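This report describes the strands, the side-chain pairs and the surface of one protein model. Please have the sequence and the coordinates at hand while reading.

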Amino acid sequence: MEIELSSLYGQEIYTDRGVYVGRIEDVNVDITEKRVSGLAVRDINPNAFDTGDKAGVIIPYRWVIAIGDIVLIKHVRKRLVSNEEGEGSSGGEEVNPNEE
């Protein structure tokens, strides 16, 4: 699929379950691989991602299902990772688009 990168700027992102995620602010490009690697998103819906004090998130491009008037990504589910479980020194959130 070929698209113009400039057509992505400002597009709204939704999950395949209809949850609004945010608007595309920028596009990450892997120059060596000559492909889009991620979408930088601001104004994140707190029901989609808990960004804490961060201004936005980078959505991996592999999560993108379709691009048209909007961008559809795989539905993600938030899960809190605790320090007590030994899954990270700073704690935080793990997002897995394949987890149901």
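In which strand is Val57 found? Val57 has its place in strand β4.

The model is predicted, so to speak of local features a pLDDT of at least 70 is needed, side-chain atom pairs count only at pLDDT 80 or more, and totals for chains, interfaces and linings use all residues. Residues are numbered from 1 along each chain as its sequence is written, and side-chain values use heavy atoms, with hydrogens and water left out.

**Overall content**

The protein holds 0 helices and 8 strands. Helices (H or I, at least four residues) and strands (E, at least two) are DSSP runs, numbered from the N terminus. Read from the N terminus, the elements run β-β-β-β-β-β-β-β. The protein has 100 residues, of which 30% count as buried; buried means under 20% relative accessible area, exposed means over 50%, and partly exposed lies in between (1.4 Å probe, protein chains only). The accessible surface comes to about 6,700 Å², and 45% of that surface belongs to carbon and sulfur atoms. Accessible areas come from the Shrake-Rupley method with a 1.4 Å probe, and for residues only the protein chains shown count as cover. Among the contacts with a separation of 6 or more, 34% are between residues 24 or more positions apart, where contact means heavy atoms within 4.5 Å.

**The sheet**

An open sheet is formed by 6 strands in the order β4-β3-β2-β1-β6-β5, with mixed pairing. Its edge strands are β4 (56-60) and β5 (64-67), each of which pairs on one side only. On average, neighbouring strands of this sheet are turned by 35° against each other, direction ignored; the axes are lines fitted to C-alpha atoms, and angles run from 0 to 180 degrees between N-to-C directions. Strands of a sheet pair through backbone hydrogen bonds, in either a parallel or an antiparallel sense. Here two strands are taken to pair if DSSP finds at least two bridges between them.

Strands β1 and β2 are antiparallel and pair over 3 bridges. Tyr14 has Tyr20 in β2 as its bridge partner. The hairpin of β1 and β2 has 4 residues between the strands, and Gly18 in this hairpin takes a positive phi near 85°.

Strands β2 and β3 also pair in the antiparallel sense, over 7 bridges. Asn28 stands opposite Gly38 in β3. The hairpin of β2 and β3 has 4 residues between the strands, and Lys34 in the turn has a positive phi of about 55°.

Strand β3 (residues 35-42) is joined to β4 by 5 bridges, and the two run antiparallel. Val41 stands opposite Val57 in β4.

**Surroundings of Val57**

Is Val57 buried or exposed? With a relative accessible area of 19%, Val57 is buried. Leaving out residues up to four places away in sequence, Val57 touches Leu39, Ala40, Val41, Ile44, Phe49 and Thr51. The C-alpha atoms of Val57 and Glu25 are separated by 10.0 Å, and these residues are 32 residues apart along the chain.

**Salt bridges**

The structure holds 2 salt bridges. A salt bridge is a side-chain nitrogen of Lys or Arg within 4 Å of a carboxyl oxygen of Asp or Glu.

| Pair | N to O distance |
|---|---|
| Glu12 and Arg23 | 3.1 Å |
| Arg42 and Glu25 | 3.9 Å |

Glu12 lies in strand β1 (residues 12-15) and Arg23 in strand β2 (residues 20-30), so that pair links distant parts of the chain, 11 residues apart. Glu12 counts as partly exposed at 24% relative accessibility, and Arg23 counts as partly exposed at 38%.

Arg42 is partly exposed because its relative accessibility is 40%. Glu25, at 46% relative accessibility, also counts as partly exposed.

**A nonpolar patch**

Leu5, Tyr9, Val29 and Ile31 make a nonpolar surface patch of about 370 Å². Patches are made of residues with over 30% relative accessible area and no salt bridge; like charges are joined within 9 Å and nonpolar side chains (Val, Leu, Ile, Met, Phe, Trp, Tyr) within 5 Å.
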